[in-house]
Amino acid sequence: IPRGSPGESPGDRSDPVLDAGEKRAWCDVELKDAIVIPGSFNPLHEGHLRMAAAAVEASALVGRGQRSVVFEITTRNADKGAVDRDELSRRAAQFSRGNGGDSGGVPLVLTRARLFVEKARLFPNCTFVVGADTVARLIDRKYYNSSDVEMAASLAAIGGFGCDFLVAGRDMDSGYTTLDDLSGQIPEFLRSMFSPLKEDGISFRVDISSTQLRERAAAAETDLAAVS
C-alpha cells in the first residue's frame with residue numbers, strides 16, 4: 001500500500017519491516033508497471049544489482065520507457081516456508097545500505113505472495129525478472145497436480161494481469177540453463193510472456209549465487225573458529 005493511500009491515518013504509518021506479518025505493508029514506490037525482482041536476497045549481492053540494471057535497459061529497448069525497479073521478498077516462500085521477523089529485518093537492512101555501494105538504497109517491498117499469480121495481482125503490468133531455475137519451477141507440473149491444463153491456466157492468469165518475465169541464465173544441476181533450454185516446455189500460446197534477459201547484447205549471466213556466498217561465509221567462520 002503506497003503511503004498517502006485514501007483512508008490512511010497518520011497513526012497507520014509504521015516501519016514496513018515490522019508490518020511484514022500483518023495484512024498490509026508500506027511501499028513508497030509505484031508498483032504498477034514496475035520491474036519486479038523477487039528473491040530471498042540472502043544475501044543481496046552485485047549480481048542482483050547488475051540484473052536490475054540489465055532489466056531497465058531491456059525494458060527501454062522494447063519501448064516501455066524508464067520503469068521503476070522494485071525488489072520483493074515474500075514472508076512465506078512456496079518452497080522454503082515462512083521467514084521469521086528478525087531474519088526479514090536483517091535482509092531488508094541490506095537494501096537501505098545499498099549493498100555498500102553508492103546507490104543510496106534500493107527499493108524493496110515485503111509481501112505475503114507465495115505464488116506468481118498472487119504477485120501478479122499485487123503488481124499489475126509488471127515485468128518479473130527471474131532466473132531460469134525459477135522458470136523451471138514455474139512450469140513444473142508437480143506444482144499443478146501433475147496437470148498441464150492447470151499449469152497453463154496459472155500462467156495465463158499471470159498474463160491476464162498484464163505481467164511478463166525476463167529470464168536470466170542460471171547454473172542448475174543439468175548445467176548452465178537459459179530460456180532457450182526451457183521454452184519447449186512452455187505452452188506455445190504463452191511463450192511470448194517470456195523473454196531472455198541480456199546484458200551488452202548477450203545472455204545475462206552471473207556465476208555466483210546467494211547460496212554460494214552463504215557457504216563461503218560459513219566456511220570462513222569455521223576457519224576462523226579453528227584458529228581462535
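1. Start at isoleucine 37, which stands opposite phenylalanine 71 in strand 2. Strand 1 covers residues 35–38, and 4 bridges join strand 1 to strand 2, the two running parallel. Two strands count as paired if DSSP finds at least two bridges between them. Helices (H or I, at least four residues) and strands (E, at least two) are DSSP runs, numbered from the N terminus.

2. A word on what you are looking at. This is a predicted model, in which local features need pLDDT of at least 70, side-chain atom pairs count only at pLDDT 80 or more, and totals for chains, interfaces and linings use all residues. Residues are numbered from 1 along each chain as its sequence is written, and side-chain values use heavy atoms, with hydrogens and water left out.

3. pLDDT is the predictor's confidence in each residue, from 0 to 100; the protein averages 80, and 74% of the residues score at least 70. Among the elements, helix 5 has the highest mean pLDDT (97), while helix 7 (residues 210–227) has the lowest (56). Over residues 1–25 pLDDT stays under 50, and residues 98–103 also stay under 50. Where pLDDT is low, the predicted coordinates should not be read in detail.

4. Back to strand 1: which residues cover its two faces? Ile35 and Ile37 lie on one side, Val36 and Pro38 on the other, and all are buried. Buried means under 20% relative accessible area, exposed over 50%, and partly exposed in between (1.4 Å probe, protein chains only). In a regular strand the side chains alternate between the two faces of the sheet.

5. Strand 6 and strand 7 pair in the parallel sense over 5 bridges, and threonine 127 has aspartate 164 in strand 7 as its bridge partner.

6. Contact means heavy atoms within 4.5 Å. Alanine 93 is in helix 2 and is partly exposed, with a relative accessible area of 26%. From alanine 93 to leucine 108 the C-alpha distance is 9.9 Å, although they are 15 residues apart in sequence.

7. Next, the nonpolar cores. A nonpolar core is a set of buried Ala, Val, Leu, Ile, Met, Phe, Trp, Tyr and Cys residues joined through side-chain atoms within 4.5 Å. The largest has 31 residues, and Phe128, Leu138, Leu155, Ile158, Phe165, Val167 and Phe194 touch the most other members. Among the elements that each supply at least two residues of this core are helix 3 (116–122), helix 5 (148–160) and strand 7 (164–168). Leaving aside neighbours within four places in sequence, isoleucine 158 is in contact with residues including Phe116, Leu138, Phe165 and Met193. A second, separate core of 26 residues includes Phe41, Met51, Ala52 and Val83. In soluble globular proteins, nonpolar side chains tend to be buried together.

8. Is lysine 119 buried or exposed? Lysine 119 counts as buried because its relative accessibility is 4%. This lysine sits in helix 3 and, not counting residues up to four places away in sequence, touches Pro38, Glu72, Thr74, Ala113, Arg114 and Phe128.

9. Finally, look at the backbone in two loops. Phenylalanine 41 is in the loop between strand 1 and helix 1; its phi is near 50°, a positive value in a residue other than glycine. At 2% relative accessibility, phenylalanine 41 counts as buried. Proline 43 lies in the loop between strand 1 and helix 1 (46–61), and the peptide bond from asparagine 42 to proline 43 is cis, with omega near 10°. Asparagine 125, in the loop between helix 3 and strand 6, has a positive phi near 60° and counts as partly exposed at 28% relative accessibility.
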